[in-house]
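This report is written for a reader who is new to the structure shown below. Please look over the sequence and the model before reading on.

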Amino acid sequence: MSRLNEANTILAKEIIARYPKARSATIPLLHLSQQQNGYVTEEAMAHVAELVGATPAEVQGTATFYEMFKFRPVGKYLVNICGTMSCQLMGSEALLHHAEEVLGVKPGGTTADGMFTLEHAECQAACTEAPNMQVNYRHCHRMTNEAFDQLIADLREGKRDADIPAHGTLARIRQQIPAEKAVGPVSPDDPARPVWTPAPEVK
Amino acid sequence: MATYPWAAGYVDDGDRPKIVTARFEHEDSYTITRYHATEGYAGLKAALTRTPGEVHDEVRGATVLGRGGAGFPAGTKWGLMPPEKYPRYLVVNGDESEPGTYKDRLLMERDPHQLIEGCLIAAYAAGLSQVFLYIRGEMPLAHERVATALNEAYAAGYVGKNILGTDFSVDIILHWGAGAYVVGEETALIESLEGKRGEPRLKPPYFPAAIGLYGQPTIVNNVETLSNLPWLLRNGVAAYTAIGTETSPGTRMVAVSGHVARPGVFEIVNGTTTFRDLLFGDEFCQGIRDGNSLKAFVPGGGSAPWFTPEQLDVPFEGRVAGAAGSMLGSGAVMVMDDTTDIPTAALTLTRFYAHESCGQCTPCREGGTWLMRVLERVVEGQGTRADLDQLLEIGESICPGKFPHAANSALGLEATPFPYKMTTICFVGPSAYAPVHSALTHFRDEFEARVADTPARRQIPVTAVH
């Protein structure tokens, strides 16, 4: 089953209904499919295409542009080591080499037990906390080899389950818009001036 | 002096005015309870007692400069929309990913209600019918904090239908990115929000204020820019412009990373604070690490041409930094001490931009890749002197003419002011060249020491780059 399941299809329709054009929901729906399956399958992309009114090729074209979407299974934990300038200046290459040794894989590789996929990542917006890395996009600041070993051990033992969900789950809290409060999407074809905006003065 | 474990990187030291980081000292700063206890939503209430035009005039009068990179005043930007063309949209740029930049993530994680309130003030003033808050995909904590805050704000009647009992009604939709640096460029952000590949659009005609989301007038504002608005509405134009200088009023958030004794994110006074204050001041970075000396620094994010110690007295004033040969960009300073291997540092940045090219424009897609490959060969000690000229030649195909650089008295160089000309739709291509050009201009000797004077240089295979 790699189409969106029933619950996620309902959620997908709620998300689509927020946008003036359904296709705007493409990326959020791809995230939803990745949350369900751990990666983005062709069937899921075809389903997203049905839901947003695009062709499967259009959805695939969008999906393949973005680095967070994976098209084959990855580890339960995506270990992304930042290699951009601030981190490089503070020793990220040594950290990456250490990670390669500990995990026994090169960037792009997944450990045999399916637990970890290692990636050499770009700037993670934690530049003062270098070298920085992320596990499933959760930040780990000022990393050392010892801290890395501890982190990997904790992840293996399930000690970080509370704050680091499995790959695919991004935010665990979703926006909820109560029906009675929602304004609803504003179509680009609706040229009405917002009611709170006064008409221009006639000169 | 204080740092807070819940706001990693933020340094609260010295006695400076705080406009956007005032709540960071509270561990629960992201909750609506704390927000209410600290003048939260008072700016929105103040705005709603005035006409939209009056609120717009305040933002214009305060010259709130865009904090995303270009530094364009928000009030002026709002005024560029064609009159009487509706609907108009607001797209919030929370796709922070310029190398060295770390501030919008903090603002979203630590004070999401301030951002929401800023969005509401902007939507009210500029007649924007729907707001899309685009958050970078790799920031799940920011998503969770903003989602929670939006849920609270809807429940409390700040967002949605008939806000605070008035006829002002607007939805704010939280949107997720999925990892692409170029989407931080405003037209690429709009393409991405339309569900497409994040490829920038040509300007003209696609200036978002005229032809933006779904072809409608659209304002794209940065997270920090909007986060300034609640304070401005509470305290007024005079209080805002009393901080900083006439052309750069208020404060701005700056992240200083790399080889300083105390890296950190600081809210500094705009316009007057200099790089010397920032790098060497006691309340800021307290000098270079380990007593080393300063070799060079990137003043405004990875895209910015580099400064050397000669430019330390440049203040955070766009025009001065531009005349000195660089830009202030997104408030990201990366510091290199005298142990830094300059060719490797330049390669790190060039590799980033080559990797992030969307592939639309040939000079960027091919040029960025070849800059990276030739530079890699030089860094590995396999290059020749001809490679160094080749790098500049490739760069000129992306940015014809003189490329901006700082003055260097030891080399007898005068500054070439910002900006550059470019053969590409957006700045990603030029950004791949900027570090190469800066490094070769100021530190050519390090490259020459690296090249092998053998005619048999390593061949670069022509293969696809992913």
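## Basis of the model

This is a predicted model, in which local features need pLDDT of at least 70 and side-chain atom pairs count only at pLDDT 80 or more, while totals for chains, interfaces and linings use all residues. Residues are numbered from 1 along each chain as its sequence is written, chains are lettered from A and ligands numbered from 1 in the order in which they are written, and side-chain values use heavy atoms, with hydrogens and water left out.

## The interface between chain A and chain B

The contact (heavy atoms within 4.5 Å) involves 69 residues of chain A and 88 residues of chain B. About 6300 Å² is buried between the two chains, and carbon and sulfur atoms give 61% of that area; buried area is the accessible area, with a 1.4 Å probe, that two parts lose on being put together, summed over both. On the side of chain A, the residues that lose the most area to chain B are A:F65, A:M85 and A:W196, together 13% of what that side buries.

Three salt bridges are counted between chain A and chain B, each a side-chain nitrogen of Lys or Arg within 4 Å of a carboxyl oxygen of Asp or Glu. A salt bridge joins the side chains of A:R193 and B:E84, at 2.8 Å from N to O.

## Helix 8 of chain B

Helices are DSSP runs of H or I with at least four residues, strands are runs of E with at least two, and both are numbered from the N terminus. Just after helix 8, B:G195 has a positive phi of about 90 degrees.

## Nonpolar cores

A nonpolar core is a set of buried Ala, Val, Leu, Ile, Met, Phe, Trp, Tyr and Cys residues joined through side-chain atoms within 4.5 Å. The largest has 163 residues, of which B:L120, B:F168 and B:W306 touch the most other members. Helix 6 (residues 112-126) of chain B gives the most to this core, with ten residues.

Leaving aside residues up to four places away in sequence, B:L120 touches residues including B:Y41, B:L44, B:F168 and B:I172.

Conventions. Buried means under 20% relative accessible area, exposed over 50%, partly exposed in between (1.4 Å probe, protein chains only).
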